[in-house]
Amino acid sequence: RTDQFIPAQLEMVLQRFEREAKSLAKLSNPHIVNILDFGEHEGMPYLVMEYLPGGTLKKKLGRVIPWQEAIQALLPVARGLGYAHQHGVIHRDVKPANILISEEDAPILTDFGIAKLLEGTDGQTLTGSGVGIGTPEYMAPEQGMGASTIDERADIYSLGIVLYEMVTGRKPYIADTPMAVVLKQMTDPLPLPTGFVPDLPEGVEHILLKALAKEPDNRYANMNEMIVAMVGVLAETQKVEEP
């Protein structure tokens, strides 16, 4: 949507687009969509990506998904994010609509770094709305406040929201306007998942409470820590089920 930018901004966005596209093209991971090429046509930047015909995770939501199934579905996403973080790339807009499904029914992350392309040096958006780019229902509180530095813990928060929505069948924060949702992310205590799914294991609720802490310092320090916790609760269940 190049028509939304004044010429000086557009030049900056196009330069940043090329830089980000090059860094994304270097990411080679089975859980991240492949960038095959990038370029510009009559002033319009474009990316060429692999075609994934299975739709998005968003289409599968709207119901309570068994927690084991939800964690197993999101573990590849978490591993893809962990890989990206190790290469200095933060997603900034993790949500079900950005998790594509392959022909083999595997989840694959897309739309990396789009938020960063549209963010000005002062943390304001180049589109002039004054709110950090992202999706309010999945946005970490620090993104909603327009923090100047966003790190991997924002992606941990967003993935936590996706897991919460999968296991409870609803988003934790709902309001009439995007700004009201952002405000709730920043101030409202997390509605306990067991309030909606009473038999949810304590370990799963702990993962959600830690991933969705308001303060980044109270979340998992990195995606690998969250992966270890997710694998751990699955392993505990398997132990119990063994005769």
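# Close-up legends for a predicted model

Arg219 counts as buried, because its relative accessibility is 3% (buried means under 20% relative accessible area, exposed over 50% and partly exposed in between, with a 1.4 Å probe and protein chains only). This is a predicted model, in which local features need pLDDT of at least 70, side-chain atom pairs count only at pLDDT 80 or more, and totals for chains, interfaces and linings use all residues. Residues are numbered from 1 along each chain as its sequence is written, and side-chain values use heavy atoms, with hydrogens and water left out.

**View A. Arg219 and Glu142 meet in a salt bridge.** The side chains come together at 2.8 Å, N to O (a salt bridge is a side-chain nitrogen of Lys or Arg within 4 Å of a carboxyl oxygen of Asp or Glu). Arg219 sits in the loop between helix 7 (202–211) and helix 8 (223–241) while Glu142 belongs to helix 4, so the pair ties together parts that are 77 residues apart in sequence. Helices here are DSSP runs of H or I with at least four residues, strands are runs of E with at least two, and both are numbered from the N terminus. Like Arg219, which is buried, Glu142 is buried, with a relative accessible area of 9%.

View B. Beyond its neighbours within four places in sequence, Glu142 is in contact with Ala147, Ile150, Arg153, Ala154, Lys214, Pro216 and Arg219 (contact means heavy atoms within 4.5 Å).

**View C. Asp217 and Arg153 form a salt bridge.** Their closest N and O atoms are 2.6 Å apart. This pair links distant parts of the chain, with Asp217 in the loop between helix 7 and helix 8 and Arg153 in helix 5 (residues 152–168), 64 residues apart. Asp217 counts as exposed because its relative accessibility is 63%, whereas Arg153 is buried, at 19%. If you widen the view, Asp151 joins Arg153 and Asp217 in a network of salt bridges.

**View D. Lys171 pairs with Glu165 in a salt bridge.** The closest N and O atoms of these two residues are 3.5 Å apart. Lys171 is partly exposed, with a relative accessible area of 25%, and Glu165 is buried, at 8%. A search of the whole structure finds seven salt bridges. As a reminder, side chains of opposite charge can pair when their charged atoms come close.

View E. The buried residues of helix 7 are Val204, Glu205, Ile207, Leu208 and Ala211.

**View F. Strand 1 and strand 2 make a hairpin.** Strand 1 (residues 35–41) and strand 2 (residues 44–49) pair in the antiparallel sense over six bridges (two strands pair if DSSP finds at least two bridges between them). Asp37 stands opposite Val48 in strand 2. Two residues lie between the strands, and Glu42 takes a positive phi near 50°.

**View G. Residues 120–132 call for some care, with pLDDT under 50.** pLDDT is the predictor's confidence in each residue, from 0 to 100. The model has 24 contacts beyond four places in sequence for residues 120–132. Where pLDDT is low, the predicted coordinates should not be read in detail. For the protein, the mean pLDDT is 84, and 86% of its residues reach 70 or more.
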